[in-house]
Amino acid sequence: MPGKLKVKIVAGRHLPVMDRASDLTDAFVEVKFGNMTFKTDVYHKSLNPQWNSEWFKFEVDDEDLQDEPLQITVLDHDTYSANDAIGKVYIDIDPLLYSEAATVISGWFPIYDTIHGIRGEINVVVKVDLFNDLNRFRQSSCGVKFFCTTSIPKCYRAVIIHGFVEELVVNEDPEYQWIDRIRTPRASNEARQRLISLMSGELQRKIGLKVLEMRGNAVVGYLQCFDLEGESGLVVRAIGTACTLDKLSSTAAFLPACNSPSKEMKEIPFNEDPNPNTHSSGPSTPLKNQTYSFSPSKSYSRQSSSSDTDLSLTPKTGMGSGSAGKEGGPFKALLRQQTQSALEQREFPFFTLTAFPPGFLVHVGGVVSARSVKLLDRIHNPDEPETRDAWWAEIRQEIKSHAKALGCHAVVGYSESTSICEEVCILSASGTAAVLNPRFLQDGTVEGCLEQRQEENLPAGCGFCHIPYDELNMPFPAHLTYCYSCRKQKVPDVLFTTIDLPTDATVIGKGCLIQARLCRLKKKAQAEANATAISNLLPFMEYEVHTQLMNKLKLKGMNALFGLRIQITVGENMLMGLASATGVYLTALPTPGGIQIAGKTPNDGSYEQHISHMQKKINDTIAKNKELYEINPPEIPEEIIGSPIPEPRQRSRLLRSQSESSDEVIELDLSHGKKDAFVLEIDDTDAMEDVHSLLTDVPPPSGFYSCNTEIMPGINNWTSEIQMFTSVRVSRLSNINLTNQTLNKNFNDLCENLLKSLYFKLRSMIPCCLCHVNFTVSLPEDELIQVTVTAVAITFDKHQAVQTTKTHVEKSLQRASTDNEELLQFPLELCTDSLGSHPFSPAKAVSVEKASPLTEGHFRQRSAPACANSTVGVVKMTPLSFIPGAKITKYLGIINMFFIRETTSLREEGGVSGFLHAFIAEVFAMVRAHVAALGGNAVVSYIMKQCVFMENPNKNQAQCLINVSGDAVIFVRESELEIISTQQPIASCQPACGGGEIAT
C-alpha cells in the first residue's frame, strides 16, 4: 500500500555560531527521504531561525516507509564556499504505520553531529497517510508491532504465541571501502549511521513479513544486534517471538507488577515463569549440561538420538519421573503429544521471552548453550548472508538437540550473541530447556481437554521445578530428591535458568546478584592457530565459570539461579568470561549443604591450621549470608526427606560421577544430617587462590540489594523513587608480567569497584534495590578492558514490608523527596541525570509522592509532577518492562537508535571518561526527544545493546558507537488515575516537550 509522507520544518534554536564575522548563522534545512530532497529557504543571521516551511510531500511505497529513515540535515549557507553541515536528525517513520499508534510525530529534536555532538535543536512535524492495499504479494509488513520487552506487554493479552523469528542482513562496512581513504571522518561516520538505520529498517520489515506468514500481529522480545566484522562486512541480525496479541480494554488487567503477588496473579496479562535449570552439584555436570560445538560429549549424542523417537510417544519420557505415572500418565502423554505437534511445525521451538502468561510454562529442564568459533576471512561471498545463516542454524540445531536430551521440547529465555576480534568470531546461544503448555501454541483446538490442568492437584509454585527428563535415563549425573512442596515429583538439587523468577514460585528470603568472573591469557596467533587456541580454551572457561557460580551459590546459602547470562569475550591476547545471575532460595528444592575444604598436601601443622581457618571463614560467610538475605527455611523432619531416595542407588551414582569428574569438585558423602557438603579439593596454589577469591566478594552495604532480573525476589513493596543509570569503565592493564592470577584479580577489582561506586552514589536512596543490573564486558583493544553496566535503582518501603527487612540503616523513607533531588545529581559518572532537566520545582513533588502509598513511577526524582493535570516534563527511562506505581496505557512503537561519535581532541574533552559521559548524555537526550515527539512520556525495556569504544591516545583520538533500544509508551500514575478519571482525557499527558527540558 502506497503512502504519502508529509514533513514540515518549523523552527530551530540554540544553533552554533557558523559565521565568525557576525557571530551568527545563515541556516537552511534539507529534508531527504529515499532519493528525493527538499530544501527550506535560508534564514539569514540568526541562531534561532523560524522557517515555518510549507508541507514537503513524498509519495512513496510503504516498504520504503519501513526501510528508510527520514533524514533532516541542517546546513549553514555560504555564498562563496561550500555549505557547512551543522548536523543531522534521523527520524524513524515506523511508529506512524500501526493502526492504533501515534498519528503525528512533532517536537524538538536535537541536531546531532558525529564530531561535535548535539548542536542545537530543530522543530519538525511529520505525518503519514496510508492507502489501504490488500496485495498478497506485497513486500511490506505494516501493522506488525515490535516490542523490546521480554514479557507480554502490559496492556495486551497473548492469544497465541507462535514462536521464533529471526533474520540477518549483510552489507559492506563503509569504514572499509576504498572511498573511505579520501572522505572525511564525518562523512564516513554518517555513511555508517545511515547504512545501519537502513539495514535495521529492512530487517524489521522482513521479520514482520515472517510474522504475517505465521498469522501473528506482533513481535515480543525483539533483540537486534550489529556485528562489525571489519573487512568482511557489517551484519545486522535480530531474533524475536511472534505472537498474536489482543489489546485489553479493562483497566483491572494492568496493575503494575509489583504489589502483593497473590492479588495480582489472576489479573496480570503476563506472568514471570522462569525455567529452572537442573544441573546438579554432581561434579562433571557443567560440562555435560552445556556442550560445545567442538566436542559434544558422548552421552549427549546417544541420548538425543534415543529421545528423538520416544519423546513424543511414550509417557515414560513424560513430564515427571516414573512415580507420577499413577496420577497423570495418560494425561501427560496427551499433553506431550499435543505440544509436540504444535511445536514440530516450527524449525526452532525457541522463545525469547523471559516471563510468561500464567500456565504457559509447565516444567524447566535446565540451561542449554552452544558456542562456536568461526573465521570471518573464510566466508566465500561476504556480501551474501548464506554463510552466516548456516553458522547460526548449526548452533540453533545444537541447542534444540540439547533441549531434547533434557526431555524438553522447547527453549525459553533464548538469546544469541557474538564476540569478534580481528578475524575470529565466537558465536554463542543460550536458553533454558522447558516443557510448555500447548494451550498458547495453536488456535483453540486443544482448549477443551486442557481445562482440567493437571497441576491443580499440586500446590502452586513448585510445578516448574519438577524434572522433565526421565529419572532412569538421565542425560547427566544429577542428584534428585522429592519436591519439598508437594512430595510427589522429583526435583534436582540446583536449578540454573536464563529466565525471570515465575510469579507463582515460592521463595524464602531475598535474592542477590551472583557473578562469576574469569580471565585467561592466550598467545597471540594468526587465523587458524588462533581459532584453535580459542576453541581449546572455551570448554575449560565455561566449566570454571560454572564451578565459580556453583560455589558462590552455595556460599550464599541459595539453591537456584535465574536470569543467567554468560558472556565470553575474545581479545587479542586473552579471553574473558563474565556470568551474572540472581540467586534465590526456592522452597521446592533441597537446602544446600555447606562447603567443605579438603587438602591433599603434606600434613604439616601450619597447613592444617590454615585449612581449618579457611573452613571457619567459609562457614561464617554462609551463616552471615543466610542472615543477610533472610533465608530460614522451615525444618523438615529428616526421615521424610530421606525416605523416597533409595540409598544404594544414590551411592552408586555418586561413585560413577566421581570417576569422570575433574579433581576440582568431588562430592563425598560428608553430611550434616542428610545434606551433602560441597567439597573443594585444594591441591595446588591455584585452587587456594580460587577459594580466596570466593571469599573476597564484598556483600553490598546494608540497605542495598541487587539482582539482574526485572523484579527482586522477596521484595514487593516498591515506592515511586526510581533512578536509571549507565556507567562505563575503561581500564588499561599495565603490561608488566601478566599472569592469569593477576588478570583475574584486576578484572574482579574492576567489577567490584564499579558496584561499590554505584552503591556510594545511591546512598541517599536506602533502602534500595538495584534491579536489572546488566553487565557487559568487552576488550576493545590490547590491554584495554571495558565494562558497561546499566541498572535501575528502586527504593522499597521497609516499614510496610511483607517480609520485614532487617537493615541496620534505620533511615526513614518518609523524608520528602527533595533531599534526594539535591543528592542525586551525580556529577561524576554516566547516568541519566547527566542531562539534568534544569527547570524543576522540587517542592511541588512532595504532595503527589505522599498521595500514592504505592509506587509512583517517576523515573527521575526531578521530573516533579506539579499536580495531577500537568504535563510530564522529562521522559522517564527504565530497563524494566513496567513503571512502579503507574499504568502503561499505550505502546507507541519501538525506539531503535544507533549513534557514532568521534573526537580528535580527547584530552581537551576530559579524557575517556569525559568523552563517554558526554556521548551517553547526548544519546539519552536524543532518545527522550524522539519519545516526546511521538507523544510518549516514558521508555520501558530500555537497553544499551552495544557500546563499542576505540581510542588512539597517541593521536588524541577516540571513537564510540552506541546502539540503544526500548519501547516508547504513555503511562499514567495510579494516584492521578483516581483524581482525574472523571476530569480529563489521557491525551493531556502528551507533552509537546523536548528541547527546553533536555539540556543540550
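Two strands are taken to pair if DSSP finds at least two bridges between them, and helices (H or I, at least four residues) and strands (E, at least two) are DSSP runs numbered from the N terminus. Under these terms, β14 and β15 run antiparallel and are joined by ten bridges. The structure is a predicted model, in which local features need pLDDT of at least 70 and side-chain atom pairs count only at pLDDT 80 or more, whereas totals for chains, interfaces and linings use all residues. Residues are numbered from 1 along each chain as its sequence is written, and side-chain values use heavy atoms, with hydrogens and water left out.

Confidence is expressed as pLDDT, the predictor's confidence in each residue on a range from 0 to 100. The protein chain has a mean pLDDT of 74, with 70% of its residues at 70 or more. Strand β2 (residues 27-33) has the highest confidence, at 95, and helix α16 (residues 842-851) the lowest, at a mean of 24. Residues 251-329 stay under 50 throughout, and the model gives this stretch 251 contacts beyond four places in sequence, contact meaning heavy atoms within 4.5 Å. The pLDDT is also below 50 over residues 801-872, a stretch with 194 contacts in the model beyond near neighbours in sequence. Where pLDDT is low, the predicted coordinates should not be read in detail.

The strands β14 and β15 belong to an open, antiparallel sheet of three strands, in the order β13-β15-β14. Because β13 (361-375) and β14 (410-421) stand at the edges with a single partner strand each, one side of each is left without a neighbour in the sheet. Neighbouring strands of this sheet are turned against each other by 10° on average, direction ignored; axes here are lines fitted to C-alpha atoms, for helices over the stretch in contact, and angles between N-to-C directions run from 0 to 180 degrees. Strand β15 (residues 424-436) is joined to β13 by 13 bridges, again in the antiparallel sense, and within β15 cysteine 425 is the bridge partner of lysine 374. Cysteine 425 also stands opposite isoleucine 420. The hairpin of β14 and β15 has two residues between the strands, and there glutamate 422 takes a positive phi near 55°. Two helices accompany this sheet: α7 (residues 386-405) packs on the sheet, touching β13, β14 and β15, with its direction at about 145° to that of β13, while α9 (residues 527-555) lies across β13 and β15 and runs at about 155° to β13.

A further open sheet consists of four strands in the order β31-β33-β34-β32, with mixed pairing. Its edge strands, β31 (876-877) and β32 (886-903), each pair on one side only. Strands β33 (residues 938-952) and β34 (residues 957-973) pair in the antiparallel sense over twelve bridges, and asparagine 963 in β34 is the bridge partner of glutamine 946. Helix α2 (residues 185-213) packs on this sheet, touching β32 and β34, and its direction makes about 145° with that of β32. Helix α17 (residues 911-933) likewise packs on the sheet, where it touches β31, β32, β33 and β34 at about 140° to the direction of β32.

Arginine 194 has its place in helix α2. Apart from neighbours within four places in sequence, arginine 194 is in contact with Glu68, Pro69, Gln71 and Tyr90; its C-alpha atom is separated by 8.3 Å from that of tyrosine 90, 104 residues apart along the chain.

Grid points are joined across faces, edges and corners, and a volume is the space filled by probe spheres set on the points. The search of the whole structure finds 14 cavities of 30 Å³ or more, and the largest cavity holds about 520 Å³ of space. Among the 33 residues that line the largest cavity, Tyr90, Asp92, Ser197, Asn896 and Met897 are the closest to its centre. Helix α2 supplies the largest share of this lining, seven residues, and at least two residues each come from α1 (62-67), β6 (84-92), β7 (104-113), α2, β32 and α17.

Two local backbone features remain. Isoleucine 766 and proline 767 are joined by a cis peptide bond with omega of about -5°, proline 767 lying in the loop between α14 (740-761) and β29 (768-778). Asparagine 52, although not a glycine, has a positive phi of about 40° and lies in the loop between β3 (36-39) and β4 (56-61).

Technical notes. 1 Å grid on protein atoms, 1.4 Å probe; cavity = no way out; pocket = protein on both sides within 12 Å on 5 of 7 lines; lining within 4 Å.
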